[in-house]
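Visitor: I have a model open and want to go through its charged side-chain contacts. Can you walk me through them?
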Amino acid sequence: MKEIFDNLWSEYLAERCAVIDTDYERALAKQTVKLHEEANELLSTEQIAAVEKYIDSLCDIQGAFVKKAFVKGCEFALALLFEFRALP
């Protein structure tokens, strides 16, 4: 079952959910780019590399937690569905 959820996540939902399609998301993306540029102006090349590694790590852990939440949500939804079907 976990493999099915993994495939659903990687082949369908991650692609659809990663699309920036609202004004709020576009504003957040613009703000992120601006802050990144401002930070890079203040940092040395070595510091920029360290911050980039840190950001990559944060993105990796956030992605792992989001995927985990998705899988747990699917498991919960299926358990709930089976529970309701078992009711008289």
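Guide: A salt bridge here is a side-chain nitrogen of Lys or Arg within 4 Å of a carboxyl oxygen of Asp or Glu. Note that this is a predicted model. In it, the side chains of K72 and E75 meet in such a bridge, at 3.8 Å from N to O.

Visitor: Is E75 buried, exposed or partly exposed?
Guide: Partly exposed, with a relative accessibility of 34%.

Visitor: How many salt bridges are there in the whole structure?
Guide: A search of the whole structure gives 4. Among them is the one between E38 and K34, with the closest N and O atoms 3.7 Å apart.

Visitor: How far apart are E38 and K34 in the helix?
Guide: They are 4 residues apart in helix α2, so about one helical turn separates them. E38 is partly exposed, at 36% relative accessible area.

Visitor: Switching to R26. What does its side chain pair with?
Guide: R26 meets D23 in a salt bridge, at 3.1 Å from N to O. Both residues lie in helix α2, residues 23-42, and are 3 residues apart, about one turn of the helix.

Visitor: And how accessible are R26 and D23?
Guide: R26 has a relative accessible area of 39% and is partly exposed. D23 is at 60%, which counts as exposed because the cut-off for that class is over 50%.

Key:
Residues are numbered from 1 along each chain as its sequence is written. This is a predicted model: local features need pLDDT of at least 70, side-chain atom pairs count only at pLDDT 80 or more; totals for chains, interfaces and linings use all residues. Side-chain values use heavy atoms; hydrogens and water are left out. Helices (H or I, at least four residues) and strands (E, at least two) are DSSP runs, numbered from the N terminus. Buried means under 20% relative accessible area, exposed over 50%, partly exposed in between (1.4 Å probe, protein chains only).
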